[in-house]
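Please examine the model shown below before reading on. The paragraphs that follow lead through its architecture and its contacts.

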Amino acid sequence: MTNPPPPGNWSDPTWSAQPSSPTPDPTLVAGQPVPAQPGPVDPYAPDPYAPNPYAPVDPYAGAKQPATQPMPGYAPPGYPPQYPGYGYPQPPKTNGMAIAAFVLALIGFTSCITAPIGAILGHVAQKQIRLSGEGGAGMAKAAIIVGWILTGFLVLVIAIYAAAIIYAIATSDNTSSSSSY
C-alpha cells in the first residue's frame with residue numbers, strides 16, 4: 001500500500017533537496033546560549049560549604065543531655081528493645097548443679113575423691129533439668145560419664161594397691177621377728 005500524494009501545494013521537505021529552514025546554531029539551545037563547560041577545579045580554593053573556622057563557638061553546642069532524658073525527636077541511644085518473636089530465642093538458663101557436677105568430675109583427674117561426687121551431682125542435675133526444663137543436660141551427662149569412669153579407675157587402683165600389699169605380706173618371711181643376737 002502506498003501513501004497518497006500530499007493535497008494541494010504542500011510539499012514534503014524530505015522530498016525536496018532544499019532545506020526548509022536554516023541550519024541550527026550549535027551554541028544555542030531553544031534560542032538561549034549554551035553555558036560554558038566548567039573549567040578545572042582549583043585544589044587550593046576554599047570550600048564554600050565548609051563551616052567558618054573563625055565563627056564564634058557555642059560551648060554548649062556539643063553537650064549531651066543526661067542518659068535518662070533522650071533528645072526530643074530522637075530515639076534513646078543504643079539498640080532498640082528486642083521484640084518477642086524476632087531474632088534468635090534466648091537460650092535456657094544453665095542448671096547450676098550441672099556446672100558444679102562437671103567441674104567436680106574434671107577436678108577428679110587430679111584429686112580422685114571429687115570424681116564420684118561429680119557423678120552423683122550429675123544424676124541429681126539431670127533430674128532437676130528434666131523437671132524444670134533448664135539447660136545443661138549435656139554438662140550433667142558429661143559429669144556422669146567422666147565421674148564414673150574416674151571412680152572406676154580409682155577403685156581399680158585401690159584394688160591393685162590392696163592386692164600388692166596382701167601379696168607382699170603373704171610372701172614375706174617372718175625371720176625379722178625371731179632375730180638372734
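The model is predicted, so local features need pLDDT of at least 70 and side-chain atom pairs count only at pLDDT 80 or more, while totals for chains, interfaces and linings use all residues. Residues are numbered from 1 along each chain as its sequence is written, and side-chain values use heavy atoms, with hydrogens and water left out.

The chain contains three helices and two strands, where helices (H or I, at least four residues) and strands (E, at least two) are DSSP runs numbered from the N terminus. Along the sequence these elements follow the pattern β-β-α-α-α. Of the 181 residues of the chain, 12% count as buried. Contact here means heavy atoms within 4.5 Å. Among contacts between residues at least 6 apart in sequence, 56% join residues at least 24 apart.

The helices may now be taken in pairs. Two packed helices are described by the angle between their axes and the distance between the axes. The axes are lines fitted to C-alpha atoms, for helices over the stretch in contact, and angles run from 0 to 180 degrees between N-to-C directions. Angles under 35 degrees count as roughly parallel, over 145 as roughly antiparallel, 65 to 115 as roughly perpendicular and the rest as oblique. A crossing is left-handed if the near helix is turned anticlockwise from the far one by less than a right angle, and right-handed if clockwise.

Helix 1 (residues 96–107) and helix 2 (residues 114–132) have axes that come within 7 Å and cross at roughly 160°. These two helices are therefore roughly antiparallel to each other, and their crossing is left-handed. On the side of helix 1 the contact involves M97, A98, A101, L104, A105 and I107, which meet T114, A115, I117, G118, L121, G122, V124, A125, Q128 and I129 in helix 2. By class, the residues of this contact of helix 1 with helix 2 divide into 12 nonpolar, four polar and no charged; Ala, Val, Leu, Ile, Met, Phe, Trp, Tyr, Cys and Pro count as nonpolar, Asp, Glu, Lys and Arg as charged, and the others, Gly among them, as polar.

The axes of helix 1 and helix 3 come within 8 Å and cross at roughly 30°. That angle makes helix 1 roughly parallel to helix 3, and the crossing of the two is left-handed. Helix 1 contributes A98, I99, A101, F102 and A105 to the contact, and helix 3 contributes M139, A140, A142, A143, V146, G147 and L150. The residues of the contact of helix 1 with helix 3 comprise 11 nonpolar, one polar and no charged.

For helix 2 and helix 3, the axes come within 7 Å and cross at roughly 150°. Helix 2 and helix 3 are therefore roughly antiparallel to each other, and helix 2 passes helix 3 in a left-handed crossing. The contact includes A115, P116, G118 and A119 among the residues of helix 2, and A137, A140, K141 and A143 among those of helix 3. The contact of helix 2 with helix 3 has 12 nonpolar, six polar and one charged residues.

G108 is in the loop between helix 1 and helix 2 and is buried, with a relative accessible area of 0%. Leaving aside neighbours within four places in sequence, G108 is in contact with T114, A115 and L150. The C-alpha atoms of G108 and G147, 39 residues apart along the chain, are separated by 7.2 Å. T114, in helix 2, counts as buried at 13% relative accessibility. L150, in helix 3, is likewise buried, at 10% relative accessibility. Apart from neighbours within four places in sequence, L150 is in contact with A105, G108, F109 and A115.

What is the count of salt bridges? The rule, a side-chain nitrogen of Lys or Arg within 4 Å of a carboxyl oxygen of Asp or Glu, gives one salt bridge. The side chains of K93 and E134 form it (3.7 Å, N to O). K93 lies in the loop between strand 2 (32–33) and helix 1, and E134 in the loop between helix 2 and helix 3 (137–171), so the pair ties together parts that are 41 residues apart in sequence. K93 is exposed, with a relative accessible area of 60%, whereas E134 is partly exposed, at 24%.

Terms used:
Buried means under 20% relative accessible area, exposed over 50%, partly exposed in between (1.4 Å probe, protein chains only).
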